[in-house]
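Student: Could we go through this structure together? I would like to learn how to read it step by step.

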Amino acid sequence: MNTIDQFINACREKGLNVTYQRILIYKSLVNSKEHPTAETIFEDVKSEYPSISLATVYKTLETLAEHQLIDKVTPLHDLARYDGNTDQHQHVVCLHCRKIVDVYEDSLNGISLPDHDDFQISGYRIQFEGICQECANGRDPEERTNHKRERQELTFCGKLQ
Ligand SMILES: [Zn+2]
Ligand SMILES: [Zn+2]
């Protein structure tokens, strides 16, 4: 389920109101490959819908996740991150910068669920952990952004002089 039309239909099937806010939030999530936090989506949606609040974005994401319209990824007990891609797939998380990247590996999708006396086991998640290329190369993605900003400011000053 990836198109907005499919999303609207799925909402209706599940008895959820289709609001402009919900569509904006879903669109922002589906267009992202980053598995963003509620805050990142809030920053993105705010430009189109300035009166939206972070609480609304957070509540909307939680509601959509509860109804399996999106997925929730909680890497290493950090802030919740969300995933618009509900196809079966796994994740690898960078232990340094918390970047999350999709892993498609068919052999991981057919694992049989164990019988358990005290549990009705309904599914599983596999999370790989490691260090992403950028961190392995000693480049902190955040630092890089700062450097870029500094450079831009310098260029701007240069123009003024
Ligand atoms: Zn990293
Ligand atoms: Zn994913």
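Here are some questions and answers about this predicted model.

Student: How are helix H2 and helix H3 oriented to each other?
Tutor: Start with the axes of H2 (residues 20-30) and H3 (residues 38-46), which come within 10 Å and cross at roughly 115°. Angles of 65 to 115 degrees count as roughly perpendicular. H2 and H3 are therefore roughly perpendicular to each other.

Student: Which residues of H3 make the contact with H2?
Tutor: Let's take both sides of this right-handed crossing of H2 and H3. H2 brings Leu24, Ile25, Ser28 and Leu29 to the contact. By class, the contact of H2 with H3 has five nonpolar, one polar and one charged residues. On the H3 side, the residues are Ile41, Asp44 and Val45.

Student: How many nonpolar residues are there in the contact of H3 with H4?
Tutor: H3 gives Ala38, Glu39, Ile41, Phe42 and Val45, while H4 gives Leu54, Val57, Tyr58 and Leu61. Sorted by class, this contact of H3 with H4 has one charged residue and no polar ones. The number of nonpolar residues is eight.

Student: Is Gln68 buried or exposed?
Tutor: Look for Gln68 in the loop between helix H4 (54-66) and strand S1 (71-73). Gln68 has 11 C-beta neighbours inside 10 Å, so it counts as exposed.

Student: What is the distance in space between Gln68 and Lys14?
Tutor: Along the sequence, Gln68 and Lys14 are 54 residues apart. In space, C-alpha to C-alpha, the distance is 9.7 Å.

Note on methods
Residues are numbered from 1 along each chain as its sequence is written. Chains are lettered from A and ligands numbered from 1 in the order in which they are written. This is a predicted model: local features need pLDDT of at least 70, side-chain atom pairs count only at pLDDT 80 or more; totals for chains, interfaces and linings use all residues. Axes are lines fitted to C-alpha atoms, for helices over the stretch in contact, and angles run from 0 to 180 degrees between N-to-C directions. Helices (H or I, at least four residues) and strands (E, at least two) are DSSP runs, numbered from the N terminus. Angles under 35 degrees count as roughly parallel, over 145 as roughly antiparallel, 65 to 115 as roughly perpendicular and the rest as oblique. A crossing is left-handed if the near helix is turned anticlockwise from the far one by less than a right angle, and right-handed if clockwise. Two residues are in contact if their C-beta atoms, placed from the backbone, lie within 7 Å. Ala, Val, Leu, Ile, Met, Phe, Trp, Tyr, Cys and Pro count as nonpolar, Asp, Glu, Lys and Arg as charged, and the others, Gly among them, as polar. A residue is buried if 20 or more other C-beta atoms lie within 10 Å of its own, exposed if 12 or fewer, and partly exposed in between; C-beta atoms are placed from the backbone.
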